[in-house]
Amino acid sequence: MVASTFELFKIGVGPSSSHTMGPMLAAATFAMRVAEQGILGQVTRMETKLFGSLALTGKGHATDRAVLLGLSGRVPENIEPDAADALVDQIRNAKRIHLNGTHDIVFDEDTDVIFDQRKRLDFHSNAMRFTAFNGADELVTRVYYSVGGGAILDEDQIGANDPESGLWDVPHPFCSGADLLRIAEEKGLSIADIMRNNERVGKTDEEISATIREISDAMSACIDRGIKSGGILPGGLRVKRRAPLIHARLMERQERALSDPLTVLDWVNLWALAVNEENAAGGKVVTAPTNGAAGIVPSVLRFYERFSPKADVAGIETFLLTAAAIGSLFKENASISGAEVGCQGEVGVACSMAAAGLTAAWGGTPLQVENAAEIGMEHNLGLTCDPVAGLVQVPCIERNAVGAVKAIEAARLSIMGDGTHRVSLDEVIETMRKTGLDMSERYKETSQGGLAVNLVEC
């Protein structure tokens, strides 16, 4: 099965797709389920238990806030950060919550949202259990898993091996890079054409183009907000936003830019930092394919728009459709969850997607696109996820800037060749999956290893 472009690129809020957006959606889904069963009015208490990575790094990733918002009936795509802050403050101060936005009950976050750091459920590290009570009697309970990129699965879907939402029957099903190349050769299609034909199952061409434009506009707006927003990021590490200062310095030295051919990379670094500083602050971002790696695709896309002589709207659509096809392969055959395979599943996948998208927008062949995607991941294999203090700040923000530059390098390497190469994308994806299985849990978004324990906090 194939993931939709619009499942991989979703507008939401920071700081984490798997720890913020996923839990918010799960909580909202559960609250709606209780309402649909006609028992919402009987609920006197709502308990949330978080397990695994959600328990270990959830507070740093604003999982607690996400649960409060979700139980109140809010979902990531419709949340405004300022309004969300006000609602969370209201719930905490009043110690009451309106379940599904309508049913008011007493709610004590200290006892009703439980971070169980000793337990990990079998299917996925990002697990949560919601239980509705009437007095001491349990009315209904359900387990959800946040599987990356803001997507969730519940226990019934796991048990029945049901496909995730966003997967559907399409005219060009593909499960591997080899499938993509075969379809492209047999049908005379580009990889972007394959994805567009698949998207036509659910949308008209006009709707596809309009939604892609909405996504690209949201990415661009996030860059611009990040450039303008200064100050200190929340969470206690006292990380200063750098994007405004870097932007000011780049504007000051515009006249000298021609003497330094690498100035273009300073702009790419700026754009990636701007997005991920916005994400760390809880701002509105686009999963690409996750929040933790949200700066790579937008910054490389803006690089294409600003520095490619023939950049146009068709090229933007080609870029994002191609990137989504590559992201679908990783999502289907490995993982895009840092809690499951480390940061290779987030920054590594985003780098691979951006490299493929840029190569396609530059007019690369399907073979060159596949080569660029392979290069983008091959040199991120083994990348760990060890966020300091459980925050999506160190090393996450800078890692996006490095990943964006690496994606451009991968695209340039591939476009200079004819697409033939020794290691296939499929082999790299399988290597990434196995590396993730072998990786210690300390390096899978638990903040129990690496920089998270070796950096001295002042």
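Q: At roughly what angle do the axes of helix H12 (residues 263–280) and helix H18 (residues 396–415) cross?
A: In this predicted model, the axes of H12 and H18 come within 8 Å. Taken between their N-to-C directions, these axes cross at roughly 140°.

Q: Which term describes how H12 lies relative to H18, given the angle classes?
A: Angles over 145 degrees would count as roughly antiparallel, and those from 65 to 115 as roughly perpendicular. The axes of H12 and H18 cross at roughly 140°, and that makes the arrangement of H12 to H18 oblique.

Q: Is the crossing of H12 and H18 left-handed or right-handed?
A: The two helices meet through residues that include Leu265, Val268 and Leu273 in H12, and Ile397, Ala401 and Ile408 in H18. By class, this contact has 10 nonpolar, 3 polar and 2 charged residues. The crossing in which H12 passes H18 is right-handed.

Q: How many disulfides does the 2.5 Å rule give?
A: The sulfur of Cys343, a residue that counts as buried at 9% relative accessibility, has its closest cysteine sulfur in Cys385. Their separation is 5.5 Å, so this pair is too far apart for a bond. By the rule, the number of disulfides is 0.

Definitions and conventions. Residues are numbered from 1 along each chain as its sequence is written. This is a predicted model: local features need pLDDT of at least 70, side-chain atom pairs count only at pLDDT 80 or more; totals for chains, interfaces and linings use all residues. Side-chain values use heavy atoms; hydrogens and water are left out. Axes are lines fitted to C-alpha atoms, for helices over the stretch in contact, and angles run from 0 to 180 degrees between N-to-C directions. Helices (H or I, at least four residues) and strands (E, at least two) are DSSP runs, numbered from the N terminus. Angles under 35 degrees count as roughly parallel, over 145 as roughly antiparallel, 65 to 115 as roughly perpendicular and the rest as oblique. A crossing is left-handed if the near helix is turned anticlockwise from the far one by less than a right angle, and right-handed if clockwise. Contact means heavy atoms within 4.5 Å. Ala, Val, Leu, Ile, Met, Phe, Trp, Tyr, Cys and Pro count as nonpolar, Asp, Glu, Lys and Arg as charged, and the others, Gly among them, as polar. A disulfide is a pair of cysteine sulfur atoms within 2.5 Å. Buried means under 20% relative accessible area, exposed over 50%, partly exposed in between (1.4 Å probe, protein chains only).
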